[in-house]
Amino acid sequence: LNTNRCRYSNPYVFGDTIGYVNQIVKSFFANFIPDQNVKKVLQKISELNMHQKTSAFSKTGCKNEGFVTAMVTRGTELHRDSFELFENKAVFADGSE
């Protein structure tokens, strides 16, 4: 359930409430999904959204659940800080690669 278009087409004062309800609905439906990976992805999306108080899909390069699937199934880390790109790696502000 990606309701970003619905959320952002409403007056800003309603955005938090719509986003919160969206996360509650995702968490609820995740309990009924038999595929454990999909369940974990939905739960992680809700966790990210609730933590940052906005949609996990609101950042450049994060417009679908692919990056969350990589976090859940492959241990990929989400970095929202600055970074520098080199020929063979990215180095983030915290020094991680």
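Predicted model: local features only at pLDDT ≥ 70, side-chain atom pairs only at ≥ 80, totals over all residues.
Glu-97 is the partner of Lys-89 in a salt bridge, in which the closest N and O atoms are 3.3 Å apart. Lys-89 has a relative accessibility of 35% and therefore counts as partly exposed.

The structure contains two salt bridges. Besides the pair formed by Lys-89 and Glu-97, Lys-44 forms a salt bridge with Glu-47, and here the closest N and O atoms are 3.1 Å apart. Both Lys-44 and Glu-47 belong to helix H3, where three residues, about one turn of the helix, separate them.

Lys-44 counts as partly exposed because its relative accessibility is 22%, and a residue is called buried only under 20%. Glu-47, at 45% relative accessibility, likewise counts as partly exposed.

## The buried face of helix H4

Helix H4 covers residues 66-74, and Phe-67, Val-68, Ala-70 and Met-71 are buried in this helix. Viewed down the axis of H4, these buried residues fall within an arc of 155 degrees, so they line one face of the helix.

The buried residues of H4 pack against helix H3, which comprises residues 36-52. Helix H3 also holds Lys-44 and Glu-47, the two residues joined by a salt bridge.

## The residue after helix H4

Gly-75 follows H4, and the phi of Gly-75 is positive, near 75 degrees.

Technical notes. Residues numbered from 1 in each chain as written. Heavy atoms only, no water. Buried < 20%, exposed > 50% of the residue type's maximum accessible area, 1.4 Å probe, protein only. Helix = DSSP H or I, 4+ residues; strand = E, 2+ residues; numbered from the N terminus. Arc of directions from axis to C-beta. Contact = heavy atoms within 4.5 Å. Salt bridge = Lys/Arg side-chain N within 4 Å of Asp/Glu carboxyl O.
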